[in-house]
Amino acid sequence: MSRPQRRLNLNVGINTTGYLPNAWKYRTGTRHDINDIGYYRRLTEIAHKGRFDAVFLSDHPALLTDPLSRPFHTIDPLILSTSLAAQVPDIGFVATISSTYNSPYNLARRTQSIDIVSGGRLIINVVSSFNPNVAANFGNAPLPPRSERYAKATEFLDVAKKLWSSWDERRDQAVPDDLFWDAVSAQAIEHEGDFFTVKGPLNVPRGPQGHPVIAQAGASEGGIDLAARHGEIIYCNILSRPAGRAFGKKVRDRAVALGRDPSGIRIVPGLVVILGKTREEALRKHELFSGTGSEDGLIARFIKENGLDPNSFDPDAVLNAEEFIPDQNRQWAVGMGLGLSDLLTHERLTARQVVRRSEGHHRLLLGTAEEVADGIIDLWQDGTVDGYTLQPPRAPDDIIEFVEQVVPILQDRGVYPREYEGRTIRDRYLLPYPI
């Protein structure tokens with residue numbers, strides 16, 4: 001049988017009001033949408049119309065109470081995904097979970113159950129929570145250091161994989177008529193490690209994908225190791241072709257060093273799209289949705305976010321990449337902060353240029369639908385990326401615009417499907433099934 005032809009993969013974020021904190025003021029809807037299952041069903045139906053592979057639900061199990069922003073994470077992603085999977089066919093679901101504040105057995109059982117009832121449509125995005133406010137919701141112990149969190153995440157997924165395959169009905173021998181099943185199909189895993197002791201087996205059998213697809217987001221050294229060992233879909237921050245090639249090579253080389261076939265890795269970074277009838281209209285929408293109001297406002301925000309001196313900073317001077325490398329020991333996520341320094345390592349850019357290349361730490365594409373389609377295909381065509389996770393500034397407005405304006409162009413150019421193909425998410429991403 002011939003191998004299916006490679007095609008563009010697209011996911012779309014559907015958290016609350018959209019991706020950008022200030023864009024909610026310009027969206028269609030009310031503040032009550034964020035806890036309305038009918039609203040999320042509508043977003044998923046719009047994504048289904050656009051033949052997105054999956055909807056993406058990030059998570060942060062603590063309420064962020066910035067009065068100038070809005071709640072960005074509310075309903076538990078696994079519960080929301082289960083409800084939506086029962087209402088909308090075909091489309092997959094990326095549900096974010098914390099390996100720091102979950103037990104492998106419960107998580108393996110819940111996710112395998114969802115994958116079975118959805119027919120193989122679950123992706124789990126495994127993160128190692130970095131906010132002390134999250135730690136405070138799970139006891140008095142402080143947030144573990146980054147190295148410990150990633151070591152725990154690695155063992156967490158080791159255990160989960162053992163559990164997902166621990167009851168494999170393919171081990172059944174010929175079962176006599178007077179027996180319901182052959183208990184040899186379920187094997188204890190007897191795991192004893194640094195962080196977890198789990199006997200097993202799981203009381204849920206193998207799912208239609210073997211186990212849910214594993215997504216991973218992180219570009220720090222610990223994140224690269226976790227992605228190389230376990231990640232199948234890598235959600236990351238890639239702002240240019242050279243940076244994307246360097247990141248992909250680093251992850252795949254690390255996978256080879258760990259004894260893993262890198263052909264089972266897909267790079268699907270975040271993407272913010274702002275459409276306009278003209279590029280000028282898209283530029284003005286960017287300034288509005290970002291909350292900065294103008295190009296000068298974008299530059300002022302850049303200066304503030306990077307701790308620069310506004311009195312001496314020249315927005316038209318070429319930036320030095322080394323000055324923008326994030327501290328590897330900082331509390332907040334390192335990976336997203338690396339995007340800017342990686343971009344500047346490979347391209348000579350000024351602040352005035354940079355503020356139009358990235359928004360919300362992701363690649364920013366501005367312009368007409370044709371220009372955006374060109375930009376999407378550009379990095380996909382040569383294999384720099386395998387697809388994108390669209391992060392719409394506003395939901396539902398920018399998802400609707402993308403589906404109505406950009407998707408038909410991608411389909412007409414033959415890089416994106418007109419109908420859903422494949423039985424499971426693994427089939428659509430051309431990912432191998434676990435042995």
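Biologist: Strand β4 covers residues 122–127; how many of its six residues are buried?

Modeller: Six of the six are buried, so β4 is largely enclosed by the rest of the structure. Buried means under 20% relative accessible area, exposed over 50%, partly exposed in between (1.4 Å probe, protein chains only). Strands (E, at least two residues) and helices (H or I, at least four) are DSSP runs, numbered from the N terminus. This is a predicted model: local features need pLDDT of at least 70, side-chain atom pairs count only at pLDDT 80 or more, and totals for chains, interfaces and linings use all residues. Residues are numbered from 1 along each chain as its sequence is written, and side-chain values use heavy atoms, with hydrogens and water left out.

Biologist: Which residues of β4 lie on one side, and which on the other?

Modeller: In a regular strand the side chains alternate between the two faces of the sheet. In β4, Leu122, Ile124 and Val126 take one side. Ile123, Asn125 and Val127 take the other. Both faces are covered.

Biologist: Which strand pairs with β4 over six bridges?

Modeller: Strands pair if DSSP finds at least two bridges between them. Strand β3 (residues 92–98) runs parallel to β4 over six bridges. Phenylalanine 93 stands opposite leucine 122. β4 also joins strand β7 (residues 213–217), in parallel, by four bridges. There, valine 126 stands opposite glutamine 216.

Biologist: How do I read aromatic pairs?

Modeller: A pair of aromatic rings is described by the distance of the centres and the angle of the planes. Rings of Phe, Tyr and Trp (its six-membered ring) pair if their centres lie within 6.5 Å; planes under 30 degrees apart count as stacked, over 60 as edge-to-face, the rest as tilted. The structure holds 10 such pairs. Tyrosine 39 and tyrosine 40 have ring centres 5.3 Å apart and planes at 65 degrees, so they are edge-to-face. Both of these tyrosines are buried. Tyrosine 101 and phenylalanine 138 are stacked, at 4.7 Å centre to centre and 20 degrees between the planes.

Biologist: Where in the chain do tyrosine 101 and phenylalanine 138 sit?

Modeller: Tyrosine 101 is in the loop between β3 and α3. Phenylalanine 138 is in the loop between α4 (132–135) and α5 (146–164). They are 37 residues apart. Tyrosine 101 is buried, at 18% relative accessible area. Phenylalanine 138 is partly exposed, at 44%.

Biologist: Which residues form one aromatic cluster?

Modeller: Phe302, Phe313 and Phe324 do.
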